Amino acid sequence: MDEDLVRSPDTLRVDRLPPGQRLTSKWPVLQHGSVQTLSTDTWTLTITGLVDAERILSFEEFQALPRVRVLSDIHCVTRWSRLDNLWEGVSTKVLRSLVRIDPEAQFVMVYGAGGFSTNLHLDDFWQDDVLLALKHDGEPLSPAHGYPVRLVVPRLYFWKSAKWVQAVEFTAEDRPGFWESYGYHNRGDPWKQERFSS
Ligand SMILES: Nc1nc2c(c(=O)[nH]1)N[C@H]1C(S)=C(S)[C@@H](COP(=O)(O)O)O[C@H]1N2
Ligand SMILES: [Mo]
């Protein structure tokens, strides 16, 4: 592959393990409820909210978008971290070429199958290392890890990385997503141990 590799800033740190975390080389599977099995025949990505016109992409349209590769570390709030994950997919920035986003929009809610949602400030969502991933370490995502498309937000705890993404909604007001409404921190910076809201 010829595209440049984006190295998430955490991968360039001397000490890569945030406080309170331990390393694992395995990749645990975690979600609320059960693994969702989606088919690319029926999967769609809806871009909605404060946009000029809602856009619904088929999988065929989505996978034809420009690709990026990102190297990142995973930090789960349940205290495991997994280093050097190679992701391939579509940079979130590409969404800005698909819809015109109202300047009033400051937040995004990302929806995953199984009733999941997570909220992000756009300052976090538009970072260079944030992508809608199709592949991990060169292989298509497995159903357990979010096939066909998951969000990856390397600089925040992994619950922000919604699996089985189906929609993104741009909003002017911040609203808590699924775990955020059950007491998880609104932002979730692992280096500040933003695990729970107090
Ligand atoms: N759709 C969906 N995405 C989700 C979740 C979920 O319950 N549903 N759980 C989150 C949480 S809490 C974690 S820790 C990670 C786990 O991702 P993994 O199973 O690939 O390790 O997925 C996140 N994305
Ligand atoms: Mo989690």
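## Aromatic residues and overall fold

Tryptophan 179 has a relative accessible area of 24% and is therefore partly exposed, a class that lies between buried, under 20%, and exposed, over 50%, with a 1.4 Å probe and protein chains only. The model is a predicted one, in which local features need pLDDT of at least 70 and side-chain atom pairs count only at pLDDT 80 or more, whereas totals for chains, interfaces and linings use all residues. Residues are numbered from 1 along each chain as its sequence is written, chains are lettered from A and ligands numbered from 1 in the order in which they are written, and side-chain values use heavy atoms, with hydrogens and water left out.

The ring of tryptophan 179 takes part in two pairs listed below, where rings of Phe, Tyr and Trp (its six-membered ring) pair if their centres lie within 6.5 Å, and planes under 30 degrees apart count as stacked, over 60 as edge-to-face and the rest as tilted.

| Ring pair | Centre distance | Plane angle | Class |
|---|---|---|---|
| Phenylalanine 178 and tryptophan 179 | 5.0 Å | 80° | edge-to-face |
| Tryptophan 179 and tyrosine 182 | 6.3 Å | 65° | edge-to-face |

One aromatic cluster is formed by Phe116, Tyr157, Trp159, Phe178, Trp179, Tyr182, Tyr184 and Phe196, and the count of aromatic pairs comes to 15.

Turning to the fold, the chain holds two helices and 12 strands, which are DSSP runs numbered from the N terminus (helices H or I, at least four residues; strands E, at least two). From the N terminus on, these elements run β-β-β-β-α-β-β-β-β-α-β-β-β-β. The radius of gyration, 16 Å, is close to the 16 Å that the globule rule gives for 198 residues, so the chain is as compact as a globular protein of that length; the radius is taken over C-alpha atoms, and the rule is 2.2 Å times the number of residues to the power 0.38. Along the principal axes, the C-alpha atoms fill a box of roughly 45 × 40 × 30 Å.

Buried residues make up 51% of the 198 residues in the chain. Of the contacts (heavy atoms within 4.5 Å) with a separation of 6 or more, 70% are between residues 24 or more positions apart.
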